[in-house]
Amino acid sequence: MSDKLIRSLFEGRLGTWAAARVPALPVAWENVSFTPPANTYLRAFLLRGATTSRDLAGDNRNRVGVFQINIVCPAGNGAGAAESIATELDALFPMNLRLSSGAFWVQQVTPLRLWAPDSSDRYLLPVDFEYRADTYPT
């Protein structure tokens with residue numbers, strides 16, 4: 001299914017970058033057991049939108065959604081560390097990025113967006129972007 005492929009493309013890009021970063025950033029993936037570290041880490045989510053068809057025959061599938069990354073940092077140290085990571089993520093996921101696997105591709109259709117932080121016991125800065133993928137039978 002294409003949703004699984006979309007997830008693997010975005011998560012693969014994020015995971016490769018996070019592991020190569022110095023220091024490496026642990027990533028909490030959806031529905032995968034994870035023990036949050038005391039230092040900074042990321043949480044990744046694929047938020048699917050409604051799948052539609054854009055042709056009268058019903059052959060096309062237009063998949064849209066949001067890929068969200070929560071940057072989670074220790075509280076009490078200001079916003080700078082999270083905002084620096086957001087800047088790195090903006091470079092990793094530039095507007096109009098296309099990722100592909102075989103004939104399938106998914107395109108990022110909005111720039112990376114920063115949302116209001118939450119600072120209960122941790123400082124959490126959500127960032128996200130919208131994507132779109134169209135498929136047709138072969």
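Before anything else, I wrote down the cut-off I would need: a residue is buried under 20% relative accessible area, exposed over 50%, and partly exposed in between. I also reminded myself that this is a predicted model.

**Entry 1: confidence.** I looked up the pLDDT and found a chain mean of 93, with 99% of residues at 70 or more. Strand 7 (residues 118-119) has the lowest confidence, a mean of 80, while strand 1 has the highest, at 98.

**Entry 2: overall layout.** I counted two helices and eight strands in the protein chain. Read from the N terminus, the order is α-β-β-β-α-β-β-β-β-β. Along the principal axes, the C-alpha atoms fill a box of roughly 55 × 25 × 25 Å. Of the 138 residues, 41% are buried. I then turned to contacts between residues at least 6 apart in sequence, and 58% of these join residues at least 24 apart.

**Entry 3: helix 1.** Which residues of helix 1 are buried? I noted S2, D3, I6, R7, L9, F10, E11, L14, W17 and A18.

**Entry 4: the core.** The largest nonpolar core holds 32 residues, and F10, L14, I71 and L89 have the most contacts inside it. At least two residues of this core come from each of helix 1, strand 2, strand 3 (61-74), helix 2, strand 5 (104-108) and strand 8 (122-135).

**Entry 5: F10 and its partners.** Leaving out residues up to four places away in sequence, I found F10 touching L46, F67, F93, L99, V106, F129 and Y131. F10 is buried, because its relative accessibility is 0%. F93 also has 0% relative accessibility and therefore counts as buried.

I went on to the aromatic pairs, of which the structure holds eight. How are the rings of F10 and F93 placed? Their centres are 6.3 Å apart and their planes meet at 65°, so I filed the pair as edge-to-face. F10 belongs to helix 1 (residues 2-20) and F93 to the loop between helix 2 (80-92) and strand 4 (98-101), so the pair ties together parts 83 residues apart in sequence. I also saw that F10, F67, F93, F129 and Y131 make up one aromatic cluster.

**Entry 6: a charge over a ring.** I looked at W105 and found the charged end of R98 over its ring, 3.9 Å from the ring centre.

Entry 7: The bond from V22 to P23 is cis, with omega near -5°. P23 sits in the loop between helix 1 and strand 1 (27-28).

N31 is not a glycine, yet its phi is positive, about 55°. I placed N31 in the loop between strand 1 and strand 2 (41-48). Is N31 buried or exposed? With a relative accessible area of 84%, N31 is exposed.

N96 has a positive phi too, near 70°. I traced N96 to the loop between helix 2 and strand 4. Its 44% relative accessibility makes N96 partly exposed.

Methods: Residues numbered from 1 in each chain as written. Predicted model: local features only at pLDDT ≥ 70, side-chain atom pairs only at ≥ 80, totals over all residues. Heavy atoms only, no water. Phe/Tyr/Trp six-rings, centres within 6.5 Å; stacked < 30°, edge-to-face > 60°. Helix = DSSP H or I, 4+ residues; strand = E, 2+ residues; numbered from the N terminus. Buried < 20%, exposed > 50% of the residue type's maximum accessible area, 1.4 Å probe, protein only. Lys NZ or Arg CZ within 6 Å of the ring centre and 35° of its normal. pLDDT = per-residue confidence, 0-100. Core = buried A, V, L, I, M, F, W, Y, C linked by side-chain atoms within 4.5 Å. Contact = heavy atoms within 4.5 Å.
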